[in-house]
Amino acid sequence: MGNNKYKKRKKSGKEKPVREKTRQEKVREFLNEYIWIITIVISAIIVGLIVFSATTCGDACNSRYDSCTAACDSVTDGCTPAKDSTMPAAADGEQLAMPAEGEEIVVIQTSMGTIKLRLFPDAAPATCQNFKNLIYEGYYNGITFHRVMNDFMIQGGDPEGTGFGGEAHGGGTIIDEFSRNLFNIRGALAMANTGEANSGGSQFFIVQANTCQYTAGTLSSAGYPEWAVEAYTQYGGTPHLDGEYNAQIYPGYLGHTVFGQVFEGMDVVDAIAAVATDQNAKPLQDVMIERIYLTTYASASGNAAQ
């Protein structure tokens, strides 16, 4: 047809101009006819990419994590802690046991007395190491318990004293390390966070509640081991903060990593929790963390159970 724009054909004895289809129209016709094939191919490619991303990211995470985002480039960014927890777990009731002879312990000297705690590095290695590194550099010395709430907890570790300051050792934040056998029982040492996953920094709190808002039956139904149910019933605590269980009793709340336990000085914790505060739960008179240090436990030193 050369450069002719129109061609002619006969129909019912009449001649009628018929316009030749443009290239765009031909492409549109092709797409309309084969769109289902194209859709299947594109879907297959997308599924393949998702599987590939999940596999490579899962390799980066390691056995402590059961899922990652495609953007995950380290165990602290984009990985979700495994709900069935392959992390080493404390033995039943170990949380409330006295330290072993020679065990490393934490001593918090405050303006109102001394608190002594055990750490659980097997269950929360990253959290314990971060806490110890901050202690080694004297990070906590001379700052306050900036938030205290009677029958709940006392919170410190913010150098600004506002609740918005502080960061992990070396900067940034640390991963969550929820355990199925460490709980926010009265006296538990736990990491504060922003409510987002893996957002712990330097702030910590000690659970002071001497009652429990949940019944033994509720905790048992949520899967709590018998010893933990008994401990909450006998001593009190805040089970809605337990990261491995609170989806059952407090849906939508992330929870907090438990990484230590007070074994001496709960009377000091109670005294701090009872001080007068303003509307933001900040003590009207500063309660100072004079010094935090690490030492080894010796039974002859006068350490006593809470």
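Select Glu 264 and Lys 116. Their side chains form a salt bridge, with the closest N and O atoms 3.8 Å apart. Now colour the two strands that carry them. Glu 264 belongs to strand β11, residues 258-264, and Lys 116 belongs to strand β6. The pair links distant parts of the chain, 148 residues apart. Lys 116 counts as buried because its relative accessible area is 16%, and the cut-off for buried is under 20%. Keep in mind that this is a predicted model.

**Along strand β6**

Stay on β6, which covers residues 113-119, and pick Arg 118. The side chains of Arg 118 and Glu 103 meet in a salt bridge, 2.9 Å from N to O.

Glu 94, Glu 103 and Arg 118 belong to one network, joined by salt bridges that share partners. In the whole model, the count comes to 6 salt bridges. Side chains of opposite charge can pair when their charged atoms come close.

**From helix α2 to strand β5**

Step to Glu 104 and show Lys 132 with it. Here is another salt bridge, and its closest N and O atoms are 2.8 Å apart. Lys 132 is in helix α2, residues 125-136, while Glu 104 is in strand β5, so the bridge ties together parts that are 28 residues apart in sequence. Compare how the two ends are covered. Lys 132 has a relative accessible area of 15%, so this residue is buried. Glu 104 is at 33%, so this one counts as partly exposed.

**Rings to look for**

The structure holds 13 aromatic pairs. Begin with Phe 131 and Tyr 140. Their ring centres are 5.4 Å apart and their planes meet at 45°, so this pair is tilted. Both Phe 131 and Tyr 140 are buried.

Move on to Phe 263 and Tyr 297. How do the planes of this pair stand to each other? They are edge-to-face, with 90° between the planes and 5.7 Å from centre to centre. Phe 263 lies in strand β11, and Tyr 297 lies in the segment after β12.

Then widen the view around Phe 131. One aromatic cluster takes in Phe 131, Tyr 139, Tyr 140, Phe 145, Phe 204 and Phe 259.

Select residues 143-149, which make up strand β7. How much of this strand is covered? It is mostly covered, with 5 of its 7 residues buried.

Turn the view until you see strand β12, residues 288-296. β7 and β12 pair in the antiparallel sense over 2 bridges. Zoom in on Thr 144, which stands opposite Met 288 in β12.

Now find strand β8, residues 153-156. β7 and β8 pair in the antiparallel sense over 4 bridges. Click Met 149, and look for its bridge partner in β8, Met 153. Follow the chain between the two strands. β7 and β8 form a hairpin with 3 residues between them. In the turn, stop at Asp 151, which has a positive phi of about 65°.

**A buried isoleucine**

Jump to Ile 249 in helix α5, residues 246-249. Its relative accessibility is 13%, so Ile 249 counts as buried. Which residues does it touch, leaving aside those up to four places away in sequence? Show Tyr 214, Thr 218, Leu 219, Ala 222, Tyr 224, Pro 239 and His 240 to see these contacts. Then draw a distance from Ile 249 to Ser 221. Their C-alpha atoms are 9.4 Å apart, while in sequence the residues are 28 apart.

**An exposed isoleucine**

For the last stop, go to helix α1, residues 23-61, and select Ile 45. Its relative accessible area is 51%, so Ile 45 is exposed. With Ile 45, they form a nonpolar patch on the surface, and together the three have about 250 Å² of accessible area.

Key
Residues numbered from 1 in each chain as written. Predicted model: local features only at pLDDT ≥ 70, side-chain atom pairs only at ≥ 80, totals over all residues. Heavy atoms only, no water. Buried < 20%, exposed > 50% of the residue type's maximum accessible area, 1.4 Å probe, protein only. Contact = heavy atoms within 4.5 Å. Patch = residues over 30% accessible without salt bridge, like charges linked within 9 Å, V, L, I, M, F, W, Y side chains within 5 Å. Areas by Shrake-Rupley, 256 points an atom, 1.4 Å probe, with all protein chains shown as cover. Salt bridge = Lys/Arg side-chain N within 4 Å of Asp/Glu carboxyl O. Pairing = 2+ DSSP bridges. Phe/Tyr/Trp six-rings, centres within 6.5 Å; stacked < 30°, edge-to-face > 60°.
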